[in-house]
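User: I should like to learn how to read the features of a protein model. Could you guide me through one, step by step?

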Amino acid sequence: FFFFFKQKTAYEIYQCDWSSDVCSSDLISGNNPFLLHFDNMVIHLLNVALVFLFVEKILKHRFAACMVALLFGIHPMHVESVAWISERKDVLYTFFFLLSCIMYLKHKSGNNRNYYHLSFLMFFLACLSKSAAVILPVIFLLLDYLKDSKLTFRHIINKAHFFVVSIVIGIVALLSQGSSGAIQDVSRYYDYFDQIGRASCRERV
């Protein structure tokens, strides 16, 4: 927290979770890269188990949940996230993201407020891990529609604090990316349709 309040720019503030991650990694593994890779693998395997639990709660079908978890575990899109030490944020945010979804479903099935609060906590940790987690409130609305067969204004109001966190984290992420030069005007290089095509694909340059 002291590190967080010392920072003066959005980029430095948003990087506080990355810096704490580096510090914790150094304390746990020192200069041994094997332990860092092993850590990523363990988190990924936990994510596979969470995918199984999440899908099983939705479909109520264990075999289908096994197949989805298996595909999630071996899909080539996850190679970089698991193999690269610097991409721990991907597996870490996925871990908290899935936990938040499972806690929310438990709240929906038993109307237990404790699970609801845990879901919010996991959502907040997911946002600190990676800003991509800001879409989670929308996922919750989809789960509401799936479970209740309807979507009302009350469903949205009940997630107001989720949306507030999403907006704040989204703004900070945009400012941090802008201050680091990651967001640039590419209209002089690509036309409108090229930009849409590139945005729909995951590219590594």
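User: Which residues of α8 are buried?

Analyst: The buried residues in α8 are Tyr116, Ser119, Met122, Phe123, Ala126, Cys127 and Ser129. Viewed down the axis of α8, these buried residues fall within an arc of 150 degrees, so they line one face of the helix. The general idea is that an α-helix has 3.6 residues a turn, so residues three or four places apart point the same way.

User: How should I apply this reading to α9, and what span should its 13 residues have?

Analyst: Helix α9 covers residues 136-148, and at 1.5 Å a residue it should span 18 Å; its end C-alpha atoms are 18 Å apart, which agrees. Buried in α9 are Leu136, Pro137, Phe140, Leu141, Leu143 and Asp144. Down the axis of α9, the buried residues fall within an arc of 160 degrees, so they too line one face of the helix.

User: Which exposed residues does the face of α9 turned away from its buried side carry?

Analyst: That face carries Leu142 and Leu146, both exposed.

User: What follows α9?

Analyst: Ser149 follows α9, and its phi is positive, near 60 degrees. Ser149 has this positive phi although it is not a glycine. It is found in the loop between α9 and α10. At 58% relative accessibility, Ser149 counts as exposed, since the cut-off for that class is over 50%.

User: Which residues does Ile156 touch?

Analyst: Ile156 belongs to helix α10, residues 153-157. Not counting residues up to four places away in sequence, Ile156 touches Leu141 and Phe163. Ile156 itself counts as partly exposed, at 35% relative accessibility. The C-alpha atoms of Ile156 and Pro137 are separated by 8.8 Å, and these residues are 19 residues apart along the chain.

User: What separates the C-alpha atoms of Leu36 and Ala83?

Analyst: The separation is 9.6 Å, for two residues that are 47 residues apart along the chain. Leu36 is in helix α4. It is buried, with a relative accessible area of 15%.

User: How many disulfides are counted?

Analyst: The approach is to look for pairs of cysteine sulfur atoms within 2.5 Å. By this rule the count is zero disulfides. As for individual cysteines, Cys66 is partly exposed, with a relative accessible area of 35%, whereas Cys127 is buried, with a relative accessible area of 0%.

User: How many helices and strands does the protein have?

Analyst: The protein has 12 helices and zero strands. Of its 205 residues, 30% are buried. Among contacts between residues at least 6 apart in sequence, 64% join residues at least 24 apart. The protein exposes about 13,300 Å², and carbon and sulfur atoms supply 68% of that area.

User: Where does pLDDT stay under 50?

Analyst: In general, where pLDDT is low, the predicted coordinates should not be read in detail. In this model, pLDDT stays under 50 over residues 1-17, for which the model has 20 contacts beyond four places in sequence. For the protein, the mean pLDDT is 80, and 73% of its residues reach 70 or more.

Methods. Residues numbered from 1 in each chain as written. Predicted model: local features only at pLDDT ≥ 70, side-chain atom pairs only at ≥ 80, totals over all residues. Heavy atoms only, no water. Helix = DSSP H or I, 4+ residues; strand = E, 2+ residues; numbered from the N terminus. Expected span 1.5 Å × (residues − 1). Buried < 20%, exposed > 50% of the residue type's maximum accessible area, 1.4 Å probe, protein only. Arc of directions from axis to C-beta. Contact = heavy atoms within 4.5 Å. Areas by Shrake-Rupley, 256 points an atom, 1.4 Å probe, with all protein chains shown as cover. pLDDT = per-residue confidence, 0-100.
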